[in-house]
Amino acid sequence: PPPAAAPQRPASAMAMKSLSFVFADRATVPGWLGVSVQDQVIQHCLDLKPDRILLITDETVDSLHGSYFAPLMARREGPPAMGETGGEEEGVGPEVDKFVLPCGDACKSLANLTALMEWAFRSGATKRSLVWPSVAERC
């Protein structure tokens, strides 16, 4: 039989454009911009091969886009599949945890920073973990 065709991206979807944010010529932080790129964002997260993904958001973003990473979370439902060598099977994906902060200036407190750090430790964050912040500028 002929090989299966690759899935087509909707015509409205645009490829992500890579950006670099340079801070005082000391640090460069990669970024991406695009419209209707959820699948690409999720694949980019998976390409980094993190052991877990820690999503940090606020109440506003969570209420509007709380299910954005649902496809990643769905990959982990049920017990993890074990591969032949005892490790997790390819294609299962990393653990995903989410922490929702209060909106606006209320999130900027030592108590919330402490709660975030304790959550990260409880979640089992490592050097291989991906931290994905997503908060609103204004609530």
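Me: Which residue forms a salt bridge with arginine 52?
Reply: This is a predicted model. In it, arginine 52 lies in strand S3, and its partner lies in strand S4 (residues 95-101), 45 residues apart. The closest N and O atoms of the pair are 3.1 Å apart, and a salt bridge needs them within 4 Å. The partner is aspartate 97.

Me: Is arginine 52 buried or exposed?
Reply: The relative accessible area of arginine 52 is 15%. Buried means under 20%. Therefore arginine 52 counts as buried.

Me: And aspartate 97: is it buried, partly exposed or exposed?
Reply: The relative accessibility of aspartate 97 is 22%. Buried means under 20% and exposed means over 50%. Aspartate 97 therefore counts as partly exposed.

Me: How many salt bridges does a search of the whole structure find?
Reply: Side chains of opposite charge can pair when their charged atoms come close. Arginine 52 with aspartate 97 is one of the pairs. Aspartate 62 with lysine 98 is another, with closest N and O atoms 2.6 Å apart. Lysine 108 also pairs with aspartate 105, at 3.0 Å, and the search finds three.

Me: Are lysine 108 and aspartate 105 buried or exposed?
Reply: These two residues form a salt bridge with each other. For each of them the class is exposed.

Me: In which order do the elements of the protein run?
Reply: There are four helices and five strands in the protein. Read from the N terminus on, their order is β-β-α-β-α-α-β-α-β.

Me: Which element gives the largest share of the lining of the largest pocket?
Reply: The largest pocket has a volume of about 790 Å³. Of its 28 lining residues, the closest to the centre are Val41, Phe69, Trp132, Pro133 and Ser134. Several elements give two or more residues to the lining, among them strand S1 (17-23), helix H1 (38-47) and strand S5 (130-134). The largest share, five residues, comes from S5.

Me: What is the phi of serine 36, and what is that of lysine 49?
Reply: Most residues other than glycine have a negative phi. Serine 36 lies in the loop between S2 and H1, and lysine 49 in the loop between H1 and S3. Neither residue is a glycine, yet phi is positive, at about 55 degrees for serine 36 and about 55 degrees for lysine 49.

Me: Is lysine 49 buried or exposed?
Reply: Its relative accessible area is 56%. Exposed means over 50%, so lysine 49 is exposed.

Me: How much accessible area does the nonpolar patch on the surface have?
Reply: The patch is formed by Leu110, Leu113, Met117 and Phe121. Phenylalanine 121 lies in helix H4 (residues 110-123) and is exposed, with a relative accessible area of 65%. Together the four residues of the patch have about 480 Å².

Me: How far apart are the C-alpha atoms of isoleucine 42 and tyrosine 68?
Reply: Isoleucine 42 is found in helix H1 and counts as buried at 9% relative accessibility. Along the chain, isoleucine 42 and tyrosine 68 are 26 residues apart. Their C-alpha atoms are separated by 9.2 Å.

Definitions and conventions
Residues numbered from 1 in each chain as written. Predicted model: local features only at pLDDT ≥ 70, side-chain atom pairs only at ≥ 80, totals over all residues. Heavy atoms only, no water. Patch = residues over 30% accessible without salt bridge, like charges linked within 9 Å, V, L, I, M, F, W, Y side chains within 5 Å. Areas by Shrake-Rupley, 256 points an atom, 1.4 Å probe, with all protein chains shown as cover. Salt bridge = Lys/Arg side-chain N within 4 Å of Asp/Glu carboxyl O. Buried < 20%, exposed > 50% of the residue type's maximum accessible area, 1.4 Å probe, protein only. 1 Å grid on protein atoms, 1.4 Å probe; cavity = no way out; pocket = protein on both sides within 12 Å on 5 of 7 lines; lining within 4 Å. Points joined across faces, edges and corners; volume = space filled by probe spheres on them.
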